[in-house]
Amino acid sequence: MAELASNLSSRLRCPVVDETGTTSRFDFTLTYTFDRIPDPDAPDSIVHDILRSLEPQIGLTLERKKIPADVLVIDHVDKSPKEN
């Protein structure tokens with residue numbers, strides 16, 4: 001499931017987190033087609049296209065929600081001195 005979440009993240013251009021709790025491996029084929037070029041400014045329409053395939057084919061749903069995430073923040077950078 002983690003691999004599927006990673007692939008969906010790439011395709012949807014947004015984070016997808018596996019919260020199924022499933023650690024078993026599954027062998028399945030997911031077939032879907034985009035009727036248009038994905039528009040990063042319209043993620044809801046892209047999610048709808050994937051949802052149409054996920055639920056009936058493999059019984060999974062995507063749920064949009066906010067979750068905590070690790071973030072690296074760099075608040076200061078010094079230029080290193082040049083050697084003479």
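Which element gives the largest share of the lining of the largest pocket? That share, four residues, comes from H1.

Before the tour, a word on the model. This is a predicted model, where local features need pLDDT of at least 70, side-chain atom pairs count only at pLDDT 80 or more, and totals for chains, interfaces and linings use all residues. Residues are numbered from 1 along each chain as its sequence is written, and side-chain values use heavy atoms, with hydrogens and water left out.

**The chain as a whole**

The protein chain has two helices and zero strands. Helices (H or I, at least four residues) and strands (E, at least two) are DSSP runs, numbered from the N terminus. Of the 84 residues in the protein chain, 18% are buried; buried means under 20% relative accessible area, exposed means over 50%, and partly exposed is in between (1.4 Å probe, protein chains only). The accessible surface of the protein chain is about 7,500 Å², and carbon and sulfur atoms own 50% of that. Those areas come from the Shrake-Rupley method with a 1.4 Å probe, and for residues only the protein chains shown count as cover. What about contacts (heavy atoms within 4.5 Å)? Among those in the protein chain with a separation of 6 or more, 42% join residues 24 or more positions apart.

**Two pockets**

A pocket is found on a 1 Å grid over the protein atoms alone: it is an open set of points where a 1.4 Å probe fits, with protein on both sides within 12 Å along at least five of seven lines, and its lining residues have an atom within 4 Å of a point.

The largest pocket has 23 lining residues, and Pro15, Val16, Val17, Leu62 and Glu63 lie nearest its centre. Helix H1 (2–12) and helix H2 (43–58) are the elements that give two or more residues to this lining. Around the second largest pocket you'll find, among others, Met1, Asn7, Asp18, Arg25 and Phe28.

In soluble globular proteins, nonpolar side chains tend to be buried together. Here the largest nonpolar core has eight residues: Leu4, Ala5, Leu8, Leu12, Val16, Leu30, Ile50 and Leu54. H1 and H2 are the elements that give two or more residues to this core, and H1 gives the most, with four. Such a core is a set of buried Ala, Val, Leu, Ile, Met, Phe, Trp, Tyr and Cys residues joined through side-chain atoms within 4.5 Å.

Take Leu12, in helix H1. Leu12 counts as buried because its relative accessible area is 4%. The C-alpha atoms of Leu12 and Ile50 are 8.5 Å apart, although 38 residues separate the two along the chain.

Beyond its neighbours within four places in sequence, Ser53 is in contact with Leu30, Thr31, Tyr32 and Ile58.

Ser6, in helix H1, is partly exposed, since its relative accessibility is 45%. Between the C-alpha atoms of Ser6 and Asp18, 12 residues apart along the chain, the separation is 8.6 Å.

Technical notes
Contact means heavy atoms within 4.5 Å.
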